Amino acid sequence: MNVKKTFSFRNRGINWSLFLTLVLIAAVTVFIPAWLIMPFKAQSASGVALSYFLKSMSPVVTAIALLSAIALGVRIWSLERLIGRVMLIPALLVVTVSFWFARQNHFEWMFNPLPNPGFATAGEAGFIKDSDMVMAVALNGESAAYPVRQMAYHHLVQDRVGAVDLVATY
Amino acid sequence: MWDATVDGRRLTFHLSGINNQNFIMRDEETGSWWQQVSGEAIQGPLKGKKLTQVFHDELSFGLWKREQPRGRVLKPDPALAAKYAAEDWERQIDQMKVVVPAANNEPLRPRELIAGVRINNAAKAYPIKGLLEQSPVIDDLGGAPLIIIVGEDRKSIRVFERNVDGRTLEFYARPGIEPLQLVDSQTGSQWDFSGKAVSGQLTGKQLVPVPVLKDFWFDWKLYNPQTSVYAPGVR
């Protein structure tokens with residue numbers, strides 16, 4: 001009886017350690033790049049490199065972490081009573097949120113993209129004043145203007161002007 | 001303004017990060033990260049590649065419309081109207097802090113607006129305040145004779161090489177005339193804001209436009225550490 005009790009305690013401990021390690025890995029993988037490349041902060045080249053590395057890994061890392069955490073969670077559930085089971089829930093939530101966040105582009109929440117830009121002719125553009133600034137491009141006989149006030153929000157717009165695929169950036 | 005095609009592949013870009021207040025874009029096709037101001041891939045499979053710059057102008061809509069009456073203008077997305085920059089957004093941005101550490105003895109304050117010109121590996125910042133007072137400015141940079149012109153809207157800035165058929169021209173503006181009219185001292189020909197001779201001996205000649213980037217001093221300096229700063233009377 002003694003042996004079985006010790007064994008089950010150790011099993012619980014190992015399961016919990018593994019489980020919490022997964023939670024930590026998932027959270028850190030998405031949190032570090034979001035923190036390092038935050039606006040209004042100075043960035044270093046190594047910080048940008050680390051962010052790129054973590055961001056490119058995070059979809060896979062968080063998927064593995066989520067699946068493993070669910071599997072471990074099921075086992076822990078069977079070993080635990082009420083308090084232990086309740087503690088599983090916020091931890092699993094952290095992994096789930098990390099999994100979801102790894103698939104988001106939060107910069108596009110702040111600055112919505114414009115995947116299908118619409119255009120008006122110069123004469124019909126009532127939404128812009130003569131004194132407003134535009135970025136203007138003319139290629140192969142075709143001419144397009146991108147108002148700076150819109151560009152300062154979207155930051156980038158893709159277009160095709162005079163048969164050239166462009167990305168206008170501001 | 002960049003050509004979105006790299007090595008024969010058209011890339012689709014997304015805003016995806018920020019690096020010292022200049023944004024990073026990510027291409028869907030390879031996942032590489034690109035620095036907006038330099039057009040250079042800084043991370044990922046395409047690291048080291050550079051986007052090809054496409055010449056563009058920053059003009060007031062009024063001037064642009066006069067030159068390009070048949071052009072098209074990007075429409076605002078009505079759902080985002082409230083999010084677009086306010087009319088006085090430049091003044092608001094001017095008040096924002098700068099995170100790049102400033103060296104001592106900087107000639108300009110970090111958010112001073114400049115017209116940045118880079119030619120033949122030489123870079124120079126022309127403080128816009130000064131240009132407004134002096135336009136047109138005659139200068140030389142990287143061995144190229146330049147003219148920097150502010151339009152009659154007092155907002156649009158263009159830079160041209162002032163070489164025509166092997167001859168270097170000097171210009172002055174005819175005062176009090178709209179649209180803006182420049183005259184070269186060598187032939188007396190008249191030139192418009194698009195760099196074209198509209199009357200006189202050189203009629204039909206076109207000055208070669210030079211890309212100019214309206215930028216904050218701190219950002220320009222960060223990506224052009226060797227830049228000089230224009231001072232009137234010093235070439």
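Two strands count as paired if DSSP finds at least two bridges between them, and helices (H or I, at least four residues) and strands (E, at least two) are DSSP runs, numbered from the N terminus. This is a predicted model, where local features need pLDDT of at least 70, side-chain atom pairs count only at pLDDT 80 or more, and totals for chains, interfaces and linings use all residues. Residues are numbered from 1 along each chain as its sequence is written, chains are lettered from A and ligands numbered from 1 in the order in which they are written, and side-chain values use heavy atoms, with hydrogens and water left out.

**View 1. A four-strand sheet in chain B.** This open sheet runs in the order S17-S18-S19-S20, with antiparallel pairing. S17 (171-173) and S20 (197-199) of chain B sit at the edges with a single partner strand each, so one side of each has no neighbour in the sheet. Zoom in on S17(B) and S18(B) (residues 182-184), and you'll find three bridges in the antiparallel sense. B:Phe171, for instance, has B:Asp184 as its bridge partner in S18(B). In the loop between S17 and S18 of chain B sits B:Pro179, joined to B:Glu178 by a cis peptide bond with omega about -10°.

**View 2. Where chain A meets chain B.** Chain A brings 66 residues to the contact and chain B brings 59, contact meaning heavy atoms within 4.5 Å. About 5,700 Å² is buried between chain A and chain B, with carbon and sulfur atoms giving 61% of it; buried area is the accessible area (1.4 Å probe) that two parts lose on being put together, summed over both.

View 3. Most residues other than glycine have a negative phi, and most peptide bonds are trans. A:Asn140 isn't a glycine, yet its phi is positive, about 50°; look for A:Asn140 in the loop between S2 and S3 of chain A. Over in chain B, the peptide bond from B:Ser135 to B:Pro136 is cis, with omega near 0°. B:Pro136 lies in the loop between helix H3 (128-134) and strand S12 (137-141) of chain B.
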